Amino acid sequence: MKTKMINIQGGKKIFFTVFTILLSLDGFAQKPVGLSGDWVLQKDFSDEFNNGINTANWTQSSDDFGPWSWDSKNSVANNGNLELTLDWDKHLKNGEQLYFTSGIIRSKKDIKYGYFEIRMKGAAEHPGVCPAFWTYSIGQPTKIINGERVKYNEIDFPEMEQRPNNVNLIDWNVIRADDSSPQVRKSVRKTTGGNSGVGFDPRSAFHIYGCLWEHDSIKFYIDGKLVATADPSEALFQQHQQRLVISLGLRAPYLKYVNGKRVAVAANNRPSGFPTTMQVDYVRTWKRKSDALVSEPENN
């Protein structure tokens, strides 16, 4: 529901209320873009951002990931959009010298299987940032899957702008790790569009990105069209319940990898192009009607 002001004859102004199809999460009956079937919206993992960020469903202060330093002031709702901002901010955290802060929202509950859809626009700065829509497991017990001890799962629905030589390349990843110390990560990373990319600059306009995650299949969509399918064997390894995340991650040249760990690269002055902001019109998550009736309970 949005309120607009119009001029009428004589210069007087009146206000009227426009009801859109997407009236609210309680009222809209829209289905996933490009998918058929009967779907049930999962409200704990969906947000239109018309009335701010629903903090009953999302946290804005997730644990940091190395030099990715999250600050709740960097995730705000503005004019019906979620805005995540990455900015230069030299600071100490947990005894480590860091140089940037960024925005994130992460679901407060876990989910397993469903269709995950976001309408978003990338951040203007490139390279150095990565707008992403993804899931990952937190504190789940080890599962024995096909003879492997799987402790951690992650699916990147996509990751954008992280390839420094071509902003049009959009990646998706299916990741798992065992319970050894340190964990051994096994991942399948694919680039949509091969070496040429998707044919558009994700910074220039909003596009719809989706992932259909089922027990034996993981499929990736852009603007309602299937663009990639994960290997079925990797889909079978994704058996942990996971948190849903929207984030603006830091990338090279502002970090590097040392022995597989992300390490901050010194930036003692504000680089040009910062702050930079990604925008999200909505995030919507569905389960098939049949699955929604028998799905596993979500954990706090």
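Which residue in E16 does Gly210 stand opposite? Gly210 stands opposite Tyr221 in E16.

The model is a predicted one, in which local features need pLDDT of at least 70, side-chain atom pairs count only at pLDDT 80 or more, and totals for chains, interfaces and linings use all residues. Residues are numbered from 1 along each chain as its sequence is written, and side-chain values use heavy atoms, with hydrogens and water left out.

Strands (E, DSSP runs of at least two residues, numbered from the N terminus) are said to pair if DSSP finds at least two bridges between them.

| Partner of E15 | Sense | Bridges |
|---|---|---|
| E9 (residues 114–121) | antiparallel | seven |
| E16 (residues 217–222) | antiparallel | six |

Ile208 belongs to E15, which spans residues 207–214, and is buried with a relative accessible area of 16%. Leaving aside neighbours within four places in sequence, Ile208 is in contact (heavy atoms within 4.5 Å) with residues including Val33, Ile118, Tyr221 and Tyr282.

Thr285, found in strand E21 (residues 276–288), is buried with a relative accessible area of 0%. A polar atom of the Thr285 side chain lies 2.9 Å from the backbone oxygen of Phe45, and Phe45 is also among the residues that Thr285 touches, not counting those up to four places away in sequence.

Note on methods: Helix = DSSP H or I, 4+ residues; strand = E, 2+ residues; numbered from the N terminus. Buried < 20%, exposed > 50% of the residue type's maximum accessible area, 1.4 Å probe, protein only. Polar contact = N/O pair within 3.5 Å; in protein donor to acceptor, adjacent residues only side chain to side chain.
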